[in-house]
Amino acid sequence: MTINKLKKVLWIYNQIVESKGISLKALQDKWEADWVDDGKPLPTSSFRKYKDNIEELFNVSITCTTEGQSYVYTIKKSDISDKSPSAEWLAQMLSIEMSWTHVMGIKNRVLLEKAPAGGEYIATITKAISESKSLEIEYQSFYDSKPRIVEVDPFWLKMYNQRWYLVANLTQDTDDEKEQKIDPYPYSLDRIKWMKTIDKSFKSPKELTAESHFKDSVGITVDMEYDIETVQFKVYGTQQNYVATLPIHPSQRVMEQTDEYTIFQMVVRPSYELFEKLIAQQYHLEVLSPKWIREEMASIIDDMAKRYR
């Protein structure tokens, strides 16, 4: 799908979502008024194709109901909230690009965070992933005194905390899938010195997907030394509203709620990023169980307090 077509698909998607239901006639009038296709009308046949594109791209269902003499198109609210993060990201990026002309006129009133470093590698990585080609990279982590050159099989691309990560497996010397060791590692793009595609193909493990790999984790680390735990924590005051609307993990559920606090529960594999997220809530959050995570939190807080004594 071309960028031009994507913009048209996104425009229609946004109109249906924002209006909470719109007739084809109203959509066609707005299409021309907004100069979406250089003032050209929106044929009904084209709308039907764009409608199919929207349903496939965003995994939503567009329903058509009769209101008077008009056919009104709507998207269920549950479909909108359940769409994938990648579809959400695509919608946001295209929306920003489409409104860029207006943004430039008020650029001193639109504040953005610094874009993630390493963006120049994204095109090479996505092409290698789509073609199942290995990469050679020079990489230096914050723990290494000097860079190292490695050959990797690029599985996925993931963004976390304003950093892009190439999640890749070390290239194997064997073509026998049974003998291959699958241990995906996150390479932060801002720590890659250079990268090139090499003439070596690989097969991604069919049973492993990005979603299944990160399903029980917070952030970019999947630490198999830890078992998956059911974690309960209490959040006090108005902070409970922030944690409810921006969950620490997708599995997060409300177990008990009062005016003073909310008890949440989530099923996660502990990691550095999990403790980082919990500590970020400061004194508003208290881990209730399991006992060892509660004790680890207390130890971290005690170590922090020592810095100020």
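Biologist: At roughly what angle do the axes of helix H2 and helix H3 cross?
Modeller: This is a predicted model. H2 covers residues 24-33 and H3 covers residues 44-58. Their axes come within 12 Å. They cross at roughly 100°.

Biologist: Are H2 and H3 roughly parallel or roughly perpendicular to each other?
Modeller: The axes cross at roughly 100°. Angles of 65 to 115 degrees count as roughly perpendicular. H2 and H3 are therefore roughly perpendicular.

Biologist: Which residues make the contact of H2 with H3?
Modeller: Both helices contribute. From H2 come Leu24, Leu27, Gln28 and Trp31. From H3 come Thr44, Phe47 and Tyr50.

Biologist: How many residues of that contact are nonpolar, polar and charged?
Modeller: The contact of H2 with H3 has no charged residues. The rest divide into two groups, 2 polar and 5 nonpolar.

Biologist: Why are the buried residues of H2 on the same side of the helix?
Modeller: The buried residues in H2 are Leu24, Leu27, Gln28 and Trp31. They share one side of H2 because, around the axis, they cover an arc of only 100°.

Biologist: Which residues are exposed on the other side of H2?
Modeller: Leu24, Leu27, Gln28 and Trp31 are buried in H2. Exposed means over 50% relative accessible area. On the other side of H2, the exposed residues are Lys25 and Ala33.

Biologist: What covers the buried residues of H2?
Modeller: The cover includes both helices and strands. Among the strands are S1 (22-23) and S3 (70-75). Among the helices are H1 (3-19) and H3.

Biologist: Which residue just after H2 takes a positive phi?
Modeller: H2 covers residues 24-33. The phi in question is about 60°. The residue is Trp35.

Biologist: Is Val72 buried or exposed?
Modeller: Val72 has its place in strand S3. Its relative accessible area is 8%. Buried means under 20%, so Val72 is buried.

Biologist: How many Å apart in space are Val72 and Gly21, C-alpha to C-alpha?
Modeller: In sequence, Val72 and Gly21 are 51 residues apart. Val72 touches Gly21, and its other contacts include Ile22, Ser23 and Thr63. C-alpha to C-alpha, Val72 and Gly21 are 5.9 Å apart.

Biologist: Is Lys20 buried or exposed?
Modeller: Lys20 lies in the loop between H1 and S1. Its phi is positive, near 60°. Its relative accessibility is 73%. Exposed means over 50%, so Lys20 counts as exposed.

Biologist: Where is Ser132 found, and what is its relative accessible area?
Modeller: Ser132 is found in the loop between helix H7 (122-131) and strand S4 (133-139). Its phi is near 55°, a positive value in a residue other than glycine. Ser132 is partly exposed, with a relative accessible area of 23%.

Biologist: Is the peptide bond from Ser289 to Pro290 cis or trans?
Modeller: Pro290 is found in the loop between strand S12 (285-289) and helix H11 (291-306). Omega of the bond from Ser289 to Pro290 is near 0°. The bond is cis.

Biologist: What percentage of the residues in the chain are buried?
Modeller: The chain has 11 helices and 12 strands. It holds 309 residues. Its accessible surface comes to about 19,900 Å². Buried residues make up 35%.

Technical notes: Residues numbered from 1 in each chain as written. Predicted model: local features only at pLDDT ≥ 70, side-chain atom pairs only at ≥ 80, totals over all residues. Heavy atoms only, no water. Axes fitted to C-alpha atoms, helices over the stretch in contact; angles between N-to-C directions. Helix = DSSP H or I, 4+ residues; strand = E, 2+ residues; numbered from the N terminus. Parallel < 35°, antiparallel > 145°, perpendicular 65-115°, else oblique. Contact = heavy atoms within 4.5 Å. Nonpolar A, V, L, I, M, F, W, Y, C, P; charged D, E, K, R; others polar. Buried < 20%, exposed > 50% of the residue type's maximum accessible area, 1.4 Å probe, protein only. Areas by Shrake-Rupley, 256 points an atom, 1.4 Å probe, with all protein chains shown as cover. Arc of directions from axis to C-beta. Lists of a residue's contacts leave out its neighbours within four places in sequence.
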